[in-house]
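Have the structure open while you read.

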Amino acid sequence: MAEILKGAPVAAAIKQRSLEKAEALKAKGIIPTLAILRVGERPDDISYEKSAVKVCGQSGVEVKNVILPADVSSEEFFDALDNLNSDESVHGILMFRPLPKHLDGEKARQMLKFEKDVDGCTDISLAGVFTNSRTGFAPCTAQAAMEILDHYGYECSGKRAAVLGRSLVVGRPAAMLLMHKNATPTICHTKTSDMAEISKQADIVIACTGQMESLGAEYFRDGQTVIDVGINWNEEKGKLCGDVRFDEVQDIVGAITPVPGGVGGVTTAVLVSHVVEAAEKASKL
């Protein structure tokens, strides 16, 4: 039976560190603040927003909600984003994406001030991940995977890693973060012909295919550490599940994150920690 790498203790440790730093900033008159920019009423956005607000409260971070209707004009949306970029009391901006089709999502992504890009979506932030320069912030989910490995004491140096997915949100940045820890990552994707074999050879597997329960026993072997990033709603089972077929794999590998209860909560804690770090950086300017 695999060790179950629960996210709750990892998130708790991150929130405690954030709270201590936030209290130190408040003693200097600086209140770490996250602005949440949401367009419309998408249930998944609202769910994540509630989670972020809760974790902010636990971590000493204030929240400013900017909620716009789904049919907001382009001018009004970009004015709102510009105002948040310019507002010195706001240290981080969480802009929910994808935006409605009538809004230029690429323009919005690049317009976001990288110093406030706590979700790591701008090109400058991603460049910082690839160069390991700490310019901007890493995408939260990719960093959450690393936080779990660190918390449970899994050494990456010298290890082979397979990243099953190549998105800019998780796959590619996760591979770079693993490389910065001196692992040797291989990125797999839909055109990879021998993905199962590559995955089996790895010591660490980051599952981020975006396909519900697409990874079964044929992808894994004894002793591996598996971080399942997937969050999917299984209509048939009426529950959340990951990209890995957990019940099939947990008796094979050495350690695995559950879904739910794994990466998701850590991702939110990382987001809030980025707000505190952004406030620290702003205080030193």
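Contact, as used here, means heavy atoms within 4.5 Å. Helices (H or I, at least four residues) and strands (E, at least two) are DSSP runs, numbered from the N terminus. This is a predicted model, so local features need pLDDT of at least 70 and side-chain atom pairs count only at pLDDT 80 or more, while totals for chains, interfaces and linings use all residues. Residues are numbered from 1 along each chain as its sequence is written, and side-chain values use heavy atoms, with hydrogens and water left out.

Let's begin with H1, which covers residues 8–26. The expected span of a helix is 1.5 Å times one less than its number of residues.

Now for burial: buried means under 20% relative accessible area, exposed over 50%, and partly exposed in between (1.4 Å probe, protein chains only). In H1, the buried residues are Val-10, Ala-11, Ile-14, Ser-18, Ala-22 and Leu-25. They cover an arc of only 95° around the axis, which puts them on the same side of H1; the arc is that of the directions from the helix axis to the C-beta atoms. What do the buried residues of H1 pack against? Their partners are helix H2 (43–59), helix H6 (140–151) and helix H10 (263–283).

H7 is another helix to look at. It has 7 of its 10 residues buried, so it is largely enclosed by the rest of the structure. Those buried residues are Gly-171, Pro-173, Ala-174, Ala-175, Met-176, Leu-177 and Leu-178. The cover over them includes H5, H6, S5, S6 and S7.

**The cores**

In soluble globular proteins, nonpolar side chains tend to be buried together. A nonpolar core here is a set of buried Ala, Val, Leu, Ile, Met, Phe, Trp, Tyr and Cys residues joined through side-chain atoms within 4.5 Å. The largest one has 52 residues, and those with the most contacts inside it are Leu-34, Leu-178, Ile-206, Ile-227 and Val-266. H1, strand S2 (33–39), H2, H6, strand S5 (160–164), helix H7 (171–180), strand S7 (204–207) and H10 each supply at least two residues of this core. H10 provides the largest share, 10 residues. Another core, of 19 residues, lies apart from it, and includes Ala-35, Leu-68, Leu-103 and Cys-121.

The partners below leave out residues up to four places away in sequence.

| Residue | In contact with |
|---|---|
| Ile-206 | Ala-145, Met-146, Ala-162, Val-163, Leu-164, Leu-178, Ile-227, Val-229 |
| Ser-199 | Ala-162, Leu-164, Val-205, Tyr-219, Phe-220, Gln-224 |
| Ala-80 | Val-66, Leu-68 |

Ser-199 sits in helix H8 (residues 195–201) and, at 0% relative accessibility, counts as buried. Ala-80 belongs to helix H3 (residues 74–86) and is buried too, with a relative accessible area of 13%. The C-alpha atoms of Ala-80 and Gly-60 are 20 residues apart along the chain and separated by 25 Å.

**The pocket**

On a 1 Å grid over the protein atoms alone, a pocket is an open set of points where a 1.4 Å probe fits, with protein on both sides within 12 Å along at least five of seven lines; lining residues have an atom within 4 Å of a point. The largest pocket is lined by 36 residues, of which Tyr-48, Thr-141, Val-169, Ile-231 and Thr-267 lie nearest its centre. H2, strand S4 (92–95), H6 and H10 each supply at least two residues of that lining, and H2 gives the most, with 6 residues.

Most residues other than glycine have a negative phi, and most peptide bonds are trans. Here, the peptide bond from Arg-97 to Pro-98 is cis, with omega near 0°, and Pro-98 is in the loop between S4 and helix H4 (105–111). The bond from Val-259 to Pro-260 is cis as well, with omega near 0°; Pro-260 lies in the loop between strand S11 (255–256) and H10.

Where is Arg-134? It lies in the loop between helix H5 (123–131) and H6. Asn-182 follows H7 and has a positive phi, near 70°.
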